[in-house]
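Please set the sequence and the three-dimensional structure side by side before reading on. The report below takes up helix packing, domains, chain symmetry and backbone geometry in turn.

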2 protein chains.
Amino acid sequence: MRDVARLANVSVATVSAVVNGSAVVSAQRAARVKKAMEALDYHADQIARGLKTGRTRVVGVVIPDITNPFYPEVILGAEEVAGLARYSVILCNANEDTAQEERQLNALFSHRVDGVLIACSNPAVAVDRLLHRRFPIVCFDRIPEGFRGDAAATDNFAGGYEATRHLIELGHRRIAILAGRTELSTHSGRMEGFRKAMQEAQLPVLDEYCRTGGMQAETGYRFGRAMVRLATPPSAVFCSNNKVLLGFMRALAEAGVECPADISVVGFDDFTWTENFHPPLTVVYQPARELGRQAMHLLLSRIEGGAAAAECQRVQLRPELHVRQSTARFEEAGRPGQIAAPGYERSF
Amino acid sequence: MRDVARLANVSVATVSAVVNGSAVVSAQRAARVKKAMEALDYHADQIARGLKTGRTRVVGVVIPDITNPFYPEVILGAEEVAGLARYSVILCNANEDTAQEERQLNALFSHRVDGVLIACSNPAVAVDRLLHRRFPIVCFDRIPEGFRGDAAATDNFAGGYEATRHLIELGHRRIAILAGRTELSTHSGRMEGFRKAMQEAQLPVLDEYCRTGGMQAETGYRFGRAMVRLATPPSAVFCSNNKVLLGFMRALAEAGVECPADISVVGFDDFTWTENFHPPLTVVYQPARELGRQAMHLLLSRIEGGAAAAECQRVQLRPELHVRQSTARFEEAGRPGQIAAPGYERSF
DNA sequence: GGTGTCATCCGTAACGTTTAGAACAGCTGC
DNA sequence: GCAGCTGTTCTAAACGTTACGGATGACACC
């Protein structure tokens with residue numbers, strides 16, 4: 001900057017003024033400065049600027065699992081609107097680990113990011129602390145319990161409800177749920193939707209039909225193996241996590257259980273490959289990219305509007321049921337020896 | 001920091017010394033300082049530190065398409081080793097757009113990142129400029145032509161070669177290739193491997209069997225539609241990009257062409273879902289996460305070792321062919337009316 | 001007691017910006 | 001001719017660190 005000033009024969013203040021347009025400078029001088037900047041390939045140092053202004057034009061995004069294709073899609077949307085507003089994003093992958101999440105948050109904070117977008121687990125002590133300091137933070141996807149701040153998420157209750165309704169309407173009565181970690185708002189919401197639908201249809205939700213706790217394919221596989229060994233296996237399953245679903249389907253395949261002939265399955269999240277899956281999957285789709293966009297909008301307006309803005313903004317996105325071929329009508333006396341009770345049981 | 005110093009009744013220099021361990025300070029004082037830091041919840045400001053030291057402990061990672069599940073997996077590995085070394089990573093998604101890539105690079109640079117990891121397209125003017133200034137930069141996956149710097153990538157030639165050999169050994173003679181953008185090192189490498197295998201087997205590579213240029217499902221779909229309309233369609237296809245493959249398979253399904261009965265397909269990259277695909281896909285797997293780890297190692301050692309380190313380090317990872325059910329033996333007089341020439345053609 | 005050697009500690013000048021306020025020049029109006 | 005404006009430019013003090021060089025005191029040695 002000093003070099004630019006010298007070359008253009010002005011002071012650094014003038015250079016700063018033309019860079020930021022923060023003060024009026026005569027056309028002639030401005031031209032000189034611009035030429036000098038060009039000549040020296042000058043780019044303002046965001047670090048120094050950040051130190052002085054307290055604003056870095058960097059936001060943090062922390063997600064629990066970058067390997068779950070849902071999140072990259074969200075990031076895509078978030079990055080899109082951040083980039084448009086000339087913000088950069090630091091990405092942190094917490095790996096489903098609260099301790100790591102907290103470390104990441106601290107790192108972000110000491111890097112002086114202007115705000116953070118986070119899909120976070122309970123309990124959210126670190127997040128609450130930040131929020132309490134009026135630090136711009138918005139939660140997306142997973143909203144910690146009791147969180148009082150901006151948030152964007154899919155209507156998980158509706159998603160769970162519709163998925164279950166779909167199964168019920170197909171004639172299923174013995175419906176199981178694989179629900180991921182229910183201490184997360186996402187999965188508890190989907191679970192609630194499931195319960196509501198079951199209750200409305202006066203169907204029981206059996207303990208042995210409720211499996212919770214895991215978020216990886218591995219746990220889905222375990223669930224699947226356990227489920228096929230049940231004396232009376234369910235005729236349909238709602239699986240609220242896509243990675244769990246993958247493992248579950250693998251277990252079914254290994255056990256020779258056919259979907260949808262022997263069992264109907266509806267999953268969560270839709271991707272390019274779900275329609276080429278075997279079988280093409282019925283899923284509840286959530287608009288992941290749009291979620292990323294909206295969440296980042298919330299964050300940026302919080303950052304620019306300051307904490308003075310409206311107390312707490314929430315956006316909720318509607319999921320959509322995409323019906324494909326992993327769900328089929330259930331006939332009690334259907335495919336002989338498979339759907340009918342005794343043969344069905346033995347076939348597992 | 002001033003507050004901490006005041007509370008501990010020492011100078012800021014001393015606080016800095018205990019934070020960084022950069023000078024010896026008596027145990028008693030150190031304890032006082034630590035207690036004060038605790039009491040005030042002091043965290044060093046990385047921005048100020050960065051300004052002073054010229055090192056930010058942030059690295060940039062720029063990828064061409066976060067929606068391609070290959071890259072998140074790479075990021076996972078990169079983040080893992082960066083985190084261990086207490087570096088944060090700024091993620092940039094270039095969206096397969098050279099102009100955007102250059103903007104991202106500039107942003108990273110003015111944020112004073114200590115180095116960047118990039119999978120970049122040709123021509124790599126921006127990258128070359130950085131490299132020329134001895135800025136720590138390592139290319140991964142896609143290595144621009146003539147790039148003289150650190151790089152990590154899969155042996156794409158071997159991947160293409162093995163995929164093609166596999167098809168040839170299954171008896172295929174009319175083999176097509178869907179090669180993505182061949183100006184990228186990845187796809188040109190895979191293409192070269194393909195050519196080599198074809199040449200060794202004295203098989204012709206026909207123009208109408210070579211489709212290049214796209215990286216999205218949409219183009220794969222177009223390729224597929226065009227290919228099934230050919231007078232003499234190929235009996236096997238090597239598709240060097242996973243998203244293109246998805247579109248291609250969709251086109252086949254729509255046209256009623258069955259895989260592997262009518263056509264064998266081998267893809268690139270392996271994911272959790274490839275084995276549940278319909279049909280389970282034969283693919284050449286590249287160790288994406290390990291690639292991320294190695295690339296980040298290269299970068300960090302370049303950063304810490306300075307430009308003084310070895311002239312230029314390269315690591316190459318071996319891909320593996322994962323054989324599943326999308327490839328099958330080709331019998332000239334096989335499945336009647338499908339594989340035999342005239343009927344085969346009509347069946348499309 | 002003077003001198004030299006350590007071991008600690010502190011003052012302070014940077015790092016590259018922004019920004020408040022001072023300075024200055026050219027007008028206008030009386 | 002001078003006060004008062006306006007419009008432009010500059011000076012210099014921050015922002016929160018680090019690190020160089022000097023200061024201080026304790027101790028040992030002659």
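## Helices α10 and α11 of chain A

Helices α10(A) and α11(A) pass each other in a right-handed crossing, a crossing being left-handed if the near helix is turned anticlockwise from the far one by less than a right angle and right-handed if clockwise. Their axes come within 6 Å and cross at roughly 40°, with α10(A) spanning residues 217-228; axes are lines fitted to C-alpha atoms, for helices over the stretch in contact, and angles run from 0 to 180 degrees between N-to-C directions. The two helices α10(A) and α11(A) are therefore oblique to each other, given that angles under 35 degrees count as roughly parallel, over 145 as roughly antiparallel, 65 to 115 as roughly perpendicular and the rest as oblique. Helices (H or I, at least four residues) and strands (E, at least two) are DSSP runs, numbered from the N terminus.

Among the residues that meet here are A:Y221, A:F223 and A:M227 in α10(A) and A:V244, A:F248 and A:L252 in α11(A), where contact means heavy atoms within 4.5 Å. The contact residues of this pair, α10(A) with α11(A), divide into 10 nonpolar, four polar and five charged; Ala, Val, Leu, Ile, Met, Phe, Trp, Tyr, Cys and Pro count as nonpolar, Asp, Glu, Lys and Arg as charged, and the others, Gly among them, as polar.

## Basis of the model

This is a predicted model, in which local features need pLDDT of at least 70 and side-chain atom pairs count only at pLDDT 80 or more, while totals for chains, interfaces and linings use all residues. Residues are numbered from 1 along each chain as its sequence is written, chains are lettered from A and ligands numbered from 1 in the order in which they are written, and side-chain values use heavy atoms, with hydrogens and water left out.

## Two further helix pairs

In chain A, the axes of α5 (residues 70-84) and α12 (residues 288-305) come within 7 Å and cross at roughly 45°, which makes α5(A) oblique to α12(A). The crossing of α5(A) with α12(A) is right-handed, and its contact includes A:F70, A:V74 and A:V81 of α5(A) together with A:L291, A:M296 and A:L300 of α12(A). The residues of this contact comprise 10 nonpolar, three polar and four charged.

In chain B, the axes of α6 (residues 98-110) and α7 (residues 125-132) come within 9 Å and cross at roughly 25°, so α6(B) is roughly parallel to α7(B). B:L105 and B:F109 of α6(B) and B:V127 and B:L130 of α7(B) are among the residues making the contact, which divide into six nonpolar, one polar and two charged.

## Domains and symmetry

Chain A is divided into domain 1 (2-44), domain 2 (56-153 + 288-317) and domain 3 (156-287 + 322-347), with bounds that come from an automatic or database domain assignment. The C-alpha centres of domain 1 and domain 3 of chain A lie 64 Å apart.

Chain B can be laid on chain A with an RMSD of 0.1 Å by a turn of 180° and a shift of 0.1 Å along the axis, the copies being superposed by least squares on the C-alpha atoms of residues with pLDDT of at least 70 in both. The two copies are thus related as by a two-fold rotation axis. The same surface serves both copies, as 100% of the contact residues of chain B recur in chain A.

## Backbone geometry

Most residues other than glycine have a negative phi, and most peptide bonds are trans. The peptide bond from A:C259 to A:P260, however, is cis, with omega near 10°, and A:P260 is found in the loop between α11 (242-255) and β9 (264-268) of chain A. In chain B, a cis peptide bond joins B:C259 and B:P260, with omega about 10°.

B:R86 is not a glycine, yet has a positive phi of about 60°; B:R86 lies in the loop between α5 (70-84) and β2 (88-93) of chain B.
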